[in-house]
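Work through the exercises below with the sequence and the 3D model open beside you. Try each task before reading its solution.

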Amino acid sequence: MLPKQMRAIQSSDIGHLRKALVTSTNNVEASGPRVTVVICTHNRPAALKRCLQALGRINDPNFSVVVVDSAPESSDGECIAARYGSRYEVSTAKGLSRARNIGTRATFADIVAYLDDDMIADANWLKSLVVEFADSNVM
């Protein structure tokens, strides 16, 4: 017989698993809004790496990252984004507004925060930004 932690799932467990899944899904809303940080870059892999390293020190780990590379001349940005677990999108033309729009369309987050690749986020930056959205008067 397998230890309790390793036993096979039996049909009687299905109801408990469904209940746990629903509870877990409902707690996502209770734990706060979904947040995505969109980083816009153009042929500056060293700056992108520093920016992503700084995001790794953010105190609230409940966010995702989308890197939008505007008209890249190499695959460096894609490799760096992958190394840091970020989603990677390409804009075929240069332009910050275009890159931000692509980043926004690439996420289903409740809050989208933007950084340029030369920005270094403080460890409390995202937390202090998101807390303002707890106010019911903020849309």
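In these exercises a residue is called buried under 20% relative accessible area, exposed over 50%, and partly exposed in between, with a 1.4 Å probe and only protein chains counted. The model is predicted, and for this reason local features need pLDDT of at least 70 and side-chain atom pairs count only at pLDDT 80 or more, while totals for chains, interfaces and linings use all residues. Residues are numbered from 1 along each chain as its sequence is written, and side-chain values use heavy atoms, with hydrogens and water left out.

**Exercise 1.** Find Val67 and decide whether it is buried or exposed.

*Solution.* Begin with the position: Val67 belongs to strand β2, where strands (E, at least two residues) and helices (H or I, at least four) are DSSP runs numbered from the N terminus. Next take the relative accessible area, which is 0%, so Val67 is buried. Then look at the surroundings, using contact in the sense of heavy atoms within 4.5 Å: leaving aside neighbours within four places in sequence, Val67 is in contact with residues including Ile39, Leu48, Leu52, Ala81 and Tyr88. Finally, compare sequence with space: Val67 and Glu78 are eleven residues apart in sequence, and their C-alpha atoms are 8.3 Å apart.

**Exercise 2.** Describe the order of helices and strands along the chain.

*Solution.* Count the elements to find five helices and four strands, and then read them along the sequence, which gives the pattern α-β-α-β-α-β-α-β-α. As a further step, consider the contacts between residues at least 6 apart in sequence, of which 64% join residues at least 24 apart. Buried residues make up 29% of the 139 residues in the chain.

**Exercise 3.** Which side chains make polar contacts with the side chain of Thr36?

*Solution.* Thr36 is found in strand β1, residues 35-41, and it counts as buried because its relative accessible area is 1%. A polar contact is a pair of N or O atoms within 3.5 Å; within protein, one must be able to donate a hydrogen and the other to accept it, and residues adjacent in sequence count only if both atoms are side-chain atoms. With this rule, the side chain of Thr36 pairs with that of Ser64 at 2.8 Å, and a polar contact of 2.8 Å also links it to the side chain of Thr107.

**Exercise 4.** Which residues touch the most other members of the largest nonpolar core?

*Solution.* A nonpolar core is a set of buried Ala, Val, Leu, Ile, Met, Phe, Trp, Tyr and Cys residues joined through side-chain atoms within 4.5 Å. The largest one has 20 residues, and Ile39 and Leu55 touch the most other members. Two or more residues each come from β1, α2 (45-55), β2 (64-70), α3 (76-83), β4 (111-116) and α5, and α2 gives the largest share, four residues. Apart from this core lies another, of seven residues, among them Val38, Cys40, Val68 and Ala106.
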